[in-house]
Amino acid sequence: MTPNIIEILGGPQAFGVRAARVDLLEEVERGLPVRAYEAVSEALELTPVEEDRLLQVSLRTRARWKRRARLDAATSDRLVRLARILALAVMVLESRGNAVAWLREPSDMLGGRSPLAAIASDPGAEKVSNMLYQMEHGIYA
């Protein structure tokens, strides 16, 4: 089984009928639909402060998104990082609720930070991915 990143990004509500055949690289380069941001934010139950930190955008920038159809490429890339980690956590932990709870729990392996805090950077996201793969293979993380 593979993580379903497109589903986390909003699936048909974000991408319409072509959701089953979305080219994620092309979508990131074009800019993801704003609905994808809303879907990930809702799924992770992000606060405005967490959105600022994880997506590296301000409240004013997010307010402007309401008038636009698509995000910029850099924000889209960061959003896919969040969706990829959440999709993997859902696959490993078998439910979205378990995944979100785990992502918010401080971890000794991350110096007391939560996995959600760690995925603000690419090296942190890689470390969290490795933790999830270890869990999937029976190694405590």
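Helix α7 passes helix α8 in a right-handed crossing, a term for the near helix being turned clockwise from the far one by less than a right angle. The model is predicted, so local features need pLDDT of at least 70 and side-chain atom pairs pLDDT 80 or more, while totals for chains, interfaces and linings use all residues. Residues are numbered from 1 along each chain as its sequence is written, and side-chain values use heavy atoms, without hydrogens or water.

Helices are DSSP runs (H or I, at least four residues), numbered from the N terminus. The axes of α7 and α8 lie 8 Å apart at an angle of about 115°; axes are lines fitted to C-alpha atoms over the stretch in contact, and angles run from 0 to 180 degrees between N-to-C directions. Contact means heavy atoms within 4.5 Å.

| Helix | Range | Residues in the α7 and α8 contact |
|---|---|---|
| α7 | residues 73-93 | Ile85, Leu86, Ala89, Val90, Leu93 |
| α8 | residues 96-104 | Arg96, Asn98, Ala99, Val100, Trp102, Leu103 |

The largest nonpolar core has 47 residues, and Leu9, Leu44, Leu79, Leu103 and Val128 touch the most other members. Such a core is a set of buried Ala, Val, Leu, Ile, Met, Phe, Trp, Tyr and Cys residues joined through side-chain atoms within 4.5 Å. Helix α7 gives the most to this core, with 12 residues. Leaving out residues up to four places away in sequence, Leu44 touches Leu82, Leu86, Val100, Leu103, Arg104 and Leu116.

Ser114 sits in the loop between α8 and α9. Ser114 counts as buried because its relative accessibility is 14%, where buried means under 20% relative accessible area (1.4 Å probe, protein chains only). Beyond its neighbours within four places in sequence, Ser114 contacts Leu103, Arg104, Glu105 and Pro106.

Technical notes
Helix = DSSP H or I, 4+ residues; strand = E, 2+ residues; numbered from the N terminus. Buried < 20%, exposed > 50% of the residue type's maximum accessible area, 1.4 Å probe, protein only.
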